[in-house]
Amino acid sequence: MTADVWLPIPPDEIEGLPEGPVYRHWNGEETFPADPADCVYYVVPYMKPSGIGTRPLPEMRSVQVVQTLSAGIDHVEPGLAHLPPGVRLCNARGVHEASTAELTLTLVLASLRGIPDFVRAQGRGEWLGGFRPALADRKVVIVGYGSIGAAIEDRLVPFEVAPVVRVARSARTTARGPVHPLTELPGLLPEADVVILSTPLTEATRHLVDAEFLARMKDGALLVNVARGPVVDTKALLAELESGRLTAALDVTDPEPLPQGHPLWHAPGIVISPHAGGPTSAFLPRAKRLLVDQLNRFVNREPLRNVILTTGA
């Protein structure tokens, strides 16, 4: 048996890979590059349709590590039941923070300052003046304060926002201040001007943003979702948008991709980007650095970074 490593990036384009393993390039094609049973380290193809990345897992009887190139792991979880015990699942913490935080600020500013209205007015040759909300002095709540949430706050601070409120699964203290537990979120929502979702999709966060959550948000508040689409109950959000009480900026939707004719496309007060938070020019160099570091650790039997879970544990 060979010790194969499957990579979605051609191995000759990644400088610094350790010697020893046999590197196979597979980015979701119909034909596998080798016998999946010989793969010991599997890097899941990035941004592929549902089911592509998990297709080889039932045959990977020797795999020891499954590495995603995304921060979320929900697209891989359905295939974990096929894996033997002891397989480590690692995510791509450190790869997407900069790009996702950039897009988050873009969505917030575009929504508050009315950039989509200006673009449409430009197409009509119309000078559309008037006052718009500023980000300055707005109170922002970040729901999901991991590395991406922290990167978002780093970029919010220079805009002179009111103190940022941080929320995560459990309470803790950071260099920037306290992080509130999710149980305190209902009491924090009524004062928020902007609510940013950057939480992982789990059973605890699926439809976290439901009708009750949205009802607690103040009139005119902005909801921004850069997490996963199912964190938000689409039907409940549509009701608030159509009433004109809330606005929203979504990089992710439920369903996704959003089909033509879906009412979200034409809801008032909404900005939609097509899950564009991660795939930027910043992705590839950071992904390569992560893989080189992880594979050197793997070959040298050193602790891996970003281990989310171990199968059978």
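Reader: What is the phi of Gly 125, the residue that follows H2?
Author: This is a predicted model, in which local features need pLDDT of at least 70, side-chain atom pairs count only at pLDDT 80 or more, and totals for chains, interfaces and linings use all residues. Residues are numbered from 1 along each chain as its sequence is written, and side-chain values use heavy atoms, with hydrogens and water left out. Helices (H or I, at least four residues) and strands (E, at least two) are DSSP runs, numbered from the N terminus. Gly 125 comes after H2, and its phi is positive, near 70°.

Reader: How many of the 10 residues of helix H2 are buried?
Author: Buried means under 20% relative accessible area, exposed means over 50%, and partly exposed lies in between (1.4 Å probe, protein chains only). Helix H2 covers residues 115–124 and is hardly covered. Its count of buried residues is one.

Reader: What is the relative accessible area of Arg 132?
Author: Arg 132 sits in the loop between H2 and S6. It counts as partly exposed because its relative accessible area is 30%.

Reader: Which residues is Arg 132 in contact with, leaving aside its neighbours within four places in sequence?
Author: Contact here means heavy atoms within 4.5 Å. Gly 114 is 18 residues from Arg 132 in sequence, with the two C-alpha atoms 7.0 Å apart. With the sequence neighbours set aside, the residues in contact with Arg 132 are Leu 112, Arg 113, Gly 114, Asp 117 and Phe 118.

Reader: Which side chain makes a polar contact with the side chain of Arg 132?
Author: A polar contact is a pair of N or O atoms within 3.5 Å; within protein, one must be able to donate a hydrogen and the other to accept it, and residues adjacent in sequence count only if both atoms are side-chain atoms. A network of salt bridges (side-chain nitrogen of Lys or Arg within 4 Å of a carboxyl oxygen of Asp or Glu) links Arg 132 with Asp 117 and Arg 120. At 3.2 Å, the polar contact of the Arg 132 side chain is with that of Asp 117.

Reader: Which residues lie closest to the centre of the second largest pocket?
Author: On a 1 Å grid over the protein atoms alone, a pocket is an open set of points where a 1.4 Å probe fits, with protein on both sides within 12 Å along at least five of seven lines, and lining residues have an atom within 4 Å of a point. Points are joined across faces, edges and corners, and the volume is the space filled by probe spheres set on them; for this pocket that is about 360 Å³. The lining has 20 residues, and those closest to the centre are Ser 111, Leu 112, Arg 132, Thr 247 and Gly 269.

Reader: Which residue forms a salt bridge with Arg 176?
Author: The whole structure holds 15 salt bridges. The closest N and O atoms of the pair in question are 2.8 Å apart. Arg 176 lies in the loop between strand S8 (172–174) and strand S9 (177–181) and its partner in helix H3, so the pair ties together parts 22 residues apart in sequence. The partner is Asp 154.

Reader: Which residue meets Glu 153 in a salt bridge?
Author: The N to O distance in this pair is 3.0 Å. Glu 153 is in helix H3 (residues 147–156), while the other residue is in strand S7 (residues 165–168), 13 residues apart. Both are buried, and the partner of Glu 153 is Arg 166.
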